[in-house]
Amino acid sequence: MMKIKGNTRGMVYASAIAAIYVVLTLVSAAVGLSGGVIQFRLSEALTVLPVFTGAAVPGLFIGCAIANLVTGALPWDVAIGSLATLIGAYLTYRFRNRPKLAPVFPILSNGLIVPFVLKYVYAFPGSYWYFFLTVTVGEAVCCGLLGYLLYRALSKREIFKQI
């Protein structure tokens, strides 16, 4: 069997994570929950992956950008929403030695940033704090609950090798 170098492995992991993020977002979009005031993206469970590999940081960022593009998000949403995911993923990676904090960073980054997009890019009626509540609850379920379940399942296996 051919040995894969670390950089190549990292690119493969990042690409696979991005692809899975896009597919899970499309599943959420199929039932109308990937965007708008109420967001319940199954793909946000993947934000726990930076605990296991740094390759998840660019993978989540690229996956979010592509998912936003293919689901018809406006350009500012693609940029700002993807940046919120990048911030959450990077902070999760930085605190990877404290995995119980993993869901906190994407929940906060999306909860604080996405409401601005909803209010000022899409001009949805409602206050920032209403959008903060709706986005944060969706993130808490997806990143917190589903992310925790994913973390538990992956921590029992050695799927991610050191990159």
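User: Hello! Where does Ala123 lie in this structure?
Analyst: Ala123 lies in the loop between H4 and H5. This is a predicted model, with local features needing pLDDT of at least 70 and side-chain atom pairs counting only at pLDDT 80 or more, while totals for chains, interfaces and linings use all residues. Residues are numbered from 1 along each chain as its sequence is written, and side-chain values use heavy atoms, leaving out hydrogens and water. The helix labels come from DSSP runs (helices are H or I, at least four residues; strands are E, at least two), numbered from the N terminus.

User: Why is Ala123 called exposed?
Analyst: The relative accessible area of Ala123 is 56%, so Ala123 is exposed (buried is under 20%, exposed over 50%, partly exposed in between, with a 1.4 Å probe and protein chains only). Ala123 also has a positive phi, near 55 degrees, in a residue other than glycine.

User: What makes Val12 partly exposed, and what makes Gly10 buried?
Analyst: Val12 is in helix H1 (residues 6-30), and its relative accessibility is 46%, so Val12 counts as partly exposed. Gly10 lies in helix H1 too, but has a relative accessible area of 11%, so Gly10 is buried. For distances between C-alpha atoms, Val12 and Gly59 are 9.4 Å apart in space and 47 residues apart in sequence.

User: How do you know that the span of H2 is close to the one expected?
Analyst: H2 has 15 residues and an expected span of 21 Å (1.5 Å times one less than the number of residues). From its first C-alpha to its last, H2 reaches 20 Å, which is close to that. Buried residues of H2 include Gly59, Leu60, Gly63 and Cys64. Just after H2, Gly72 takes a positive phi of about 85 degrees.

User: Why are H2 and H3 called roughly antiparallel?
Analyst: The axes of helix H2 (residues 56-70) and helix H3 (residues 75-94) cross at roughly 160 degrees and come within 8 Å (axes are lines fitted to C-alpha atoms, for helices over the stretch in contact, and angles run from 0 to 180 degrees between N-to-C directions). H2 and H3 are therefore roughly antiparallel (under 35 degrees is roughly parallel, over 145 roughly antiparallel, 65 to 115 roughly perpendicular and the rest oblique).

User: And what makes H4 and H5 oblique?
Analyst: Helix H4 (residues 104-121) and helix H5 (residues 128-155) pack at about 140 degrees, with axes 8 Å apart. H4 and H5 are therefore oblique to each other. Their contact (heavy atoms within 4.5 Å) includes Pro106 and Phe116 in H4, and Phe131 and Cys143 in H5. The residues of this contact divide into 13 nonpolar, four polar and two charged (Ala, Val, Leu, Ile, Met, Phe, Trp, Tyr, Cys and Pro count as nonpolar, Asp, Glu, Lys and Arg as charged, and the others, Gly among them, as polar).

User: How do you know that H3 is roughly antiparallel to H4?
Analyst: The axes of H3 and H4 cross at roughly 170 degrees and come within 8 Å. That angle makes H3 roughly antiparallel to H4. Among the residues making the contact are Trp76 and Ile80 of H3, and Phe105 and Ile113 of H4. By class, this contact has ten nonpolar, six polar and one charged residues.
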